[in-house]
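Subject: Structure for you to look at

Hi,

Here is the structure I promised. Please open it first, then read my notes below.

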Amino acid sequence: MIIGIVGCGAIANIIVNNISVEKDGIDVKYFFDKDSEKAENLAILSEGIAVLELEDMLDEVDLVLEAASPSALKGFALDVLSAGKDLMVMSVGALMDVEFRESLIECASENDAKIYAPSGAIVGLDGIKAASIGNIQKASLTTRKSPRSLGRTVEEEEILFEGKASEAVKKFPVNINVAASLSIACNMDIDVKIIVDPKVDRNVHEVEVIGAFGEFRTSSKNHPCEANPKTSMLAAFSAIKLLKSFNERFSIGI
């Protein structure tokens with residue numbers, strides 16, 4: 001499988017350093033970024049190819065992995081799917097736009113392509129997907145991050161947002177993809193609280209789900225990427241695991 005990456009920042013670097021064609025059967029080969037130097041640096045690292053335009057990789061890849069931004073995704077996703085190429089989305093917040101999400105699904109169906117969204121920086125998404133077969137009555141996310149992760153300067157804990165996920169992803173488009181993942185998995189616009197806390201140095205996500213299956217609560221305390229504190233290492237790892245799963249002969253979990 002040949003992969004092209006759009007957005008050559010922290011997540012792309014982690015992916016390149018943890019996947020090999022020899023071990024995983026996955027060739028991360030093509031790179032595009034509006035900052036061409038970033039694409040060129042990753043291409044050198046992986047012995048790949050940096051392209052000047054996204055279109056230059058579409059005939060050569062099996063899957064395009066988006067690791068750029070919600071706005072970037074909206075600009076090129078339909079082009080990828082129209083070319084019959086699979087798409088992996090890291091900026092899941094963009095998919096909270098129902099009209100956009102449905103247009104992608106329709107385009108994928110028409111062109112025999114698939115859309116993947118890794119579980120990202122939270123745990124328990126497989127359980128939530130199973131629970132959604134029944135009725136989910138309540139789902140909420142409380143996210144607590146350091147001022148550095150949110151680009152803020154505060155000396156005391158402060159609630160930055162309290163409301164629905166659809167609004168949270170608009171206000172914090174690069175910080176709260178987990179809210180979108182949970183909402184889509186639950187088939188509902190979940191409740192979200194975002195807290196900036198100078199006492200924490202990790203990205204903390206607490207999830208509560210109640211439904212016909214029963215109830216569960218999860219808590220994850222994720223180390224942020226050194227290169228980009230807005231992103232958790234677990235988000236990048238989830239993409240790597242999903243890519244590797246394409247060639248695995250045994251699978252556990254949803």
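Let me start with Leu 73. Beyond its neighbours within four places in sequence, Leu 73 is in contact with Glu 66, Leu 87, Val 89, Ser 91, Ala 94, Leu 95 and Phe 100. Bear in mind that this is a predicted model.

**Cores**

Leu 73 belongs to the largest nonpolar core, which has 55 residues. Val 64, Leu 73, Leu 87, Ile 128 and Ile 176 touch the most other members. Which helix gives the most to this core? Helix α10, residues 177–186, with six residues. There is also a second, separate core of 26 residues. Among its members are Ile 5, Phe 31, Leu 42 and Ala 67. As background, nonpolar side chains in soluble globular proteins tend to be buried together.

**Helix α5**

Helix α5 covers residues 70–82. At 1.5 Å a residue, its 13 residues should span 18 Å. The end C-alpha atoms are 19 Å apart, so the two values agree.

Which residues of α5 are buried? Pro 70, Leu 73, Phe 76, Ala 77, Val 80 and Leu 81. An α-helix has 3.6 residues a turn, so residues three or four places apart point the same way. Keep that in mind when you look at the buried set.

The buried residues of α5 have several packing partners. On the strand side these are β1 (2–6), β4 (63–66), β5 (86–89) and β6 (115–116). On the helix side they are α4 (55–58) and α6 (98–110). Just after α5, Gly 84 takes a positive phi of about 75°.

**The five-stranded sheet**

Five strands form an open sheet, in the order β8-β9-β7-β10-β11. The pairing is mixed. β8 and β11 (214–222) stand at the edges. Each has a single partner strand, so one side of each is left without a neighbour in the sheet. The twist averages 10° from one strand to the next.

Now the pairings that involve β9 (residues 191–196). β7 (residues 136–145) and β9 pair in the parallel sense, over six bridges. Ser 140 stands opposite Asp 191 of β9. β8 (residues 158–164) and β9 run antiparallel, and six bridges join them. Here Glu 158 has Val 196 in β9 as its bridge partner. Gly 163 is bridged to Val 192, also in β9.

Where does α10 sit relative to these strands? It lies across β7, β9 and β10 (203–211). Helix α10 runs at about 170° to β7.

**Two positive phi values outside glycine**

Glu 47 has a phi near 55°, a positive value in a residue other than glycine. It is found in the loop between α3 (36–46) and β3 (49–50). Is Glu 47 buried or exposed? It counts as exposed because its relative accessibility is 73%, and the cut-off for exposed is over 50%.

Asn 187 has a phi near 60°, again positive and again in a residue other than glycine. Asn 187 lies in the loop between α10 and β9. With a relative accessible area of 62%, Asn 187 is exposed.

That covers my notes. Over to you.

Best wishes

Terms used: Residues are numbered from 1 along each chain as its sequence is written. This is a predicted model: local features need pLDDT of at least 70, side-chain atom pairs count only at pLDDT 80 or more; totals for chains, interfaces and linings use all residues. Side-chain values use heavy atoms; hydrogens and water are left out. A nonpolar core is a set of buried Ala, Val, Leu, Ile, Met, Phe, Trp, Tyr and Cys residues joined through side-chain atoms within 4.5 Å. Buried means under 20% relative accessible area, exposed over 50%, partly exposed in between (1.4 Å probe, protein chains only). Helices (H or I, at least four residues) and strands (E, at least two) are DSSP runs, numbered from the N terminus. Contact means heavy atoms within 4.5 Å. The expected span of a helix is 1.5 Å times one less than its number of residues. Two strands pair if DSSP finds at least two bridges between them. Axes are lines fitted to C-alpha atoms, for helices over the stretch in contact, and angles run from 0 to 180 degrees between N-to-C directions.
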